[in-house]
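Here is a friendly walk through some helices and charged pairs. Have the model open as you read.

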Amino acid sequence: MSNGSTAQPQVHPAFTAIRQQTIESLNIRVEQYEHKRTGAVHYHLASDNTENVFLVAVRTVPEDSTGVAHILEHTALCGSQRYPVRDPFFMMLRRSLNTFMNAFTSSDWTAYPFASQNRKDFDNLLDVYLDAVFFSRLDPLDFAQEGHRVEFASPDDPASDLVFKGVVFNEMKGAMSSVSSVLWNTLCEHLFPGTTYHYNSGGDPEHIPDLSYEQLKAFYRSHYHPSNAIFMTFGNIPAGEHQSVFEARALGQFERLEQRIQVTAERRLPAPIRVEGSYAYDEKGPTTRKTHIVLGWLLGESSNLEQLLEAQLLSSVLLDNSASPLQHALETTKLGQSPSPLCGLEDGMREMVFCCGIEGSDPVHADAVEEMVLAVLERVAREGVAHDRLEAVLHQLELHQREISGDGYPYGLQLILQALGCATHYSDPIAVLDLEPVIVNLRERIQDPDYICQLARRLLLDNTHRVTMVMQPDTGLSARRAAIEAARLADIKKGMNEQDRTRTVQLAADLVQRQQRIDDESILPKVELADVPASLPELTYAEREIHGISTTTYGQGTNGLVYQQVVAPLPGIAPTDLQLLPLYTQFMTELGLGEDDYLEAQHRQSATVGAINAFTSMRAAVDDEQAVNAHLVLSSKALLRNAGEQARLMRDTLDSVRFDETTRIRELISQQRARREQSITGNGHGLAMAAASAGMSPLSRLNHELSGMAGIRSLRALDDSLQDEQALEQLARQMTGLHEQVLAMPRQLLVVAEDHRTDEVAAIAGKILGAGHTQGATGHFALPPCREKRAELWVTNTQVNFCARAYPTVPVQHPDAAALTVLGGFLRNGFLHRTIREQGGAYGGGASQDSGIAAFRFYSYRDPRLAETLQDFDGAVAWMLASKHEYRALEEAILGVIGSLDKPSSPAGEAKQHFHNRLFGRSHEQREHFRQQVLAVSLEDLSRVAEKYLRPELASTAVITNSSQLDATAALREELGLRVEEL
């Protein structure tokens, strides 16, 4: 490959080339440079990939929990020297074909990444990002909007109560509604008594109002300087071309800053400690079995590759799967409900943290949990672990190193983020990308049976820097916090003079005026519809029958991995069995196989594949949302050398899974319940939209009942019922019966591998998976039709609200689907972003058309408001119909849709997506036709579909909030007919 060339890459005169290293396993060449004048470092990951990625990071080391780094991340993107508009970041989101655009605040760095496949677009974004980071205006009004401010409840009435407002303030209220976030922050507070990790880098809502505008500016001046910056790029644009822009647009205007911002090493605890704390629990019912008991150890340096890999090895040996000794103990103990969400190794900070523990326990069990964990570690230190288990862990490391991902973040960005930690701590980020030599070294070390014993003793048992944390539920904590906040605001108001009151009213008025100001967007660069590629690339594939099984193969650049899927249509399923589908698919790869119990099956998976999982794939017809098609998919990935064993594992999983392991089934349901309950605050907007859309189509109703709030409630009830052995046996019989129906359905096989290996892999897999499979007819999967209004208010454990409204619309093949899809972005860009985020203070809000369920949905995320947000949803429709709109806004909304349609995936992900699109009648031609319809949408189309479909009498509403809002929402509930639903 060209990346393996030893020729010296072109370097800009302002930079010095330090070194380059080819990493064969990743098909990249890593080049390291330093800016001569400022000392800024640049790492370029040269690749043939056309999706180019840029990231600039600055080390940020806060010394309190005011959220200064987080608020600065938001405020820096609100206007800069060359682009003095109010909101260049969100404006560029709309004027771009980016495949990724964001900003992140970590515990010790803040990063600004983007990615694009279009060179003009990449250059535009690079200009805007460099100016935002190094020449931000930091307008005090932006600090008030994004960070925090006090405002009168009626902004122009000084007689009304004061309230805190601010986007980050509300975002962190939502984040700290998550119990796992509270657990992690409390643990770090005690594991790191003397360094930056002691503080909440995102900001604690109790301390965010302490941050002053002057402190924000001082932090910017000291931290946002090229001497403290790390530039990282990936793709086929040469490093020298990037450096030319870096120098011209930013670096050439700075001198070196002689300071070294870094995290110091933590002073070690002389002996383990135990801490007790509490978290807000606002639900009804008893608080027994709601305590979290977690043990955390501080380990070595994450930037020391040997220490990192040893910690990863030990963590995997202990916790990798249900057959791992510590994971097995945590899953099967009667001391709690399930393993803690904190279990595992955190290697993103200077020094690593290893955690384990349980949730769903009681404080009285703290000693017993600690003793159980230490006993398991003592046993591993004394007896070691079987050699084949260690080989399985190394196999997972090797597979992870080789895999070209990119289905979530762009692949290049994943590599950059993998390397960023080391660069932050002034260590070698290239070594952490090139793991193969280290894996070879570890493979030699595990030949010594004492090696893992010594690791367990050295890293954990003999390590005195250990914290045992006992976190209990507190039903009064939310009320006490609210009272403290109210008292603080009352004190502020009491101390105000006439001038202060006038200033507060004026600030609110100034902010509204600024938010409603129309900026000159023409100063920002943009792409246009003329820059959009004419068509989508089409993938090539082959279809044949091998040993009686219909097989489809795709040749893709998978870097030596093989992806296989067995796909079967779902049979006709009784309504009582439908509710079991998510559990049935989860259990299929978590139970024993044939003579082997689930522990042996888990070990076999770890030694054979990188992942194996089952799921149901359901979609409505392209022309009828009431007609649903559904398939069961068993999916796995493996190294090429294991393709045969991979197919055998899939065959055995299908043919001999053991639904008779009832104790294991009970444990799995308990764990699933815990995970689903924790997911609410992170995905509240998705759950609210699912509830609001539940009456739109059979698929949307099923989604709400299986995966939505109704599904979480059903799972709770099922878990509670399984204390009865007869109920457990009945569930196992139901699962067995459902599985027998599925087994009778015809199968087909999907294989994705390197182009020259597809025939070989398909022949092996087809012989194994096709042989001996007989099928019978068990009816066609169908769901009863559904088209009804819903109105629900769900009560759960959250400090913020999630609001949603949905309207029945059309499926994807309908001529109006394209206009409705564009309308979602148009309403977000032109109205909802301003009213819900900027003025309302929610972390996010928007609208979208889901043609799969024929519904148009509005939503808000981590929202301090409720009734006002629902009014803003209505206001967006009124704005669309009453205002005069510009073509520019339409073009931006169309670009947003095209960007999401054209967004690349991983090589394997693109093949799987293509196969499943065809499986459900979404051919390449159909998707191209829809894309052309999107490009042809007019302003008249938007007004027409808004008036036709978004009518008040058709609206369904769902809100997720907390119990304290019930009195405040009484009038709203009556007006909208909202039914209160509790988990």
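## Salt bridges

R931 has 0% relative accessibility and therefore counts as buried (buried means under 20% relative accessible area, exposed over 50%, partly exposed in between, with a 1.4 Å probe and protein chains only). The model is a predicted one, in which local features need pLDDT of at least 70 and side-chain atom pairs count only at pLDDT 80 or more, while totals for chains, interfaces and linings use all residues. Residues are numbered from 1 along each chain as its sequence is written, and side-chain values use heavy atoms, with hydrogens and water left out.

The partner of R931 is D902: their side chains meet in a salt bridge at 2.7 Å, N to O (a side-chain nitrogen of Lys or Arg within 4 Å of a carboxyl oxygen of Asp or Glu). D902 sits in helix α31 (residues 887–902) and R931 in helix α33 (residues 924–935), so the pair ties together parts 29 residues apart in sequence. Helices (H or I, at least four residues) and strands (E, at least two) are DSSP runs, numbered from the N terminus. D902 is buried too, at 19% relative accessibility.

## Other charged pairs

The whole structure holds 73 salt bridges. In one of them, the side chains of E310 and R445 meet at 3.0 Å, N to O. This pair links distant parts of the chain, with E310 in helix α9 (residues 305–319) and R445 in helix α15 (residues 436–445), 135 residues apart. E310 counts as buried at 4% relative accessibility, whereas R445 counts as partly exposed at 25%.

R790 and E792 also form a salt bridge, 3.0 Å from N to O. R790 is buried at 16% relative accessibility, and E792 is buried with a relative accessible area of 2%.

## Helices and their packing

Helix α25 (residues 698–707) packs with helix α26 (residues 709–721) at an angle of about 40°, their axes 4 Å apart. Axes are lines fitted to C-alpha atoms, for helices over the stretch in contact, and angles run from 0 to 180 degrees between N-to-C directions. The two helices, α25 and α26, are therefore oblique to each other (angles under 35 degrees count as roughly parallel, over 145 as roughly antiparallel, 65 to 115 as roughly perpendicular and the rest as oblique). H704, E705 and L706 of α25 meet M709, A710 and G711 of α26 (contact means heavy atoms within 4.5 Å).

Helix α1 (residues 68–76) is mostly covered, with nine of its nine residues buried.
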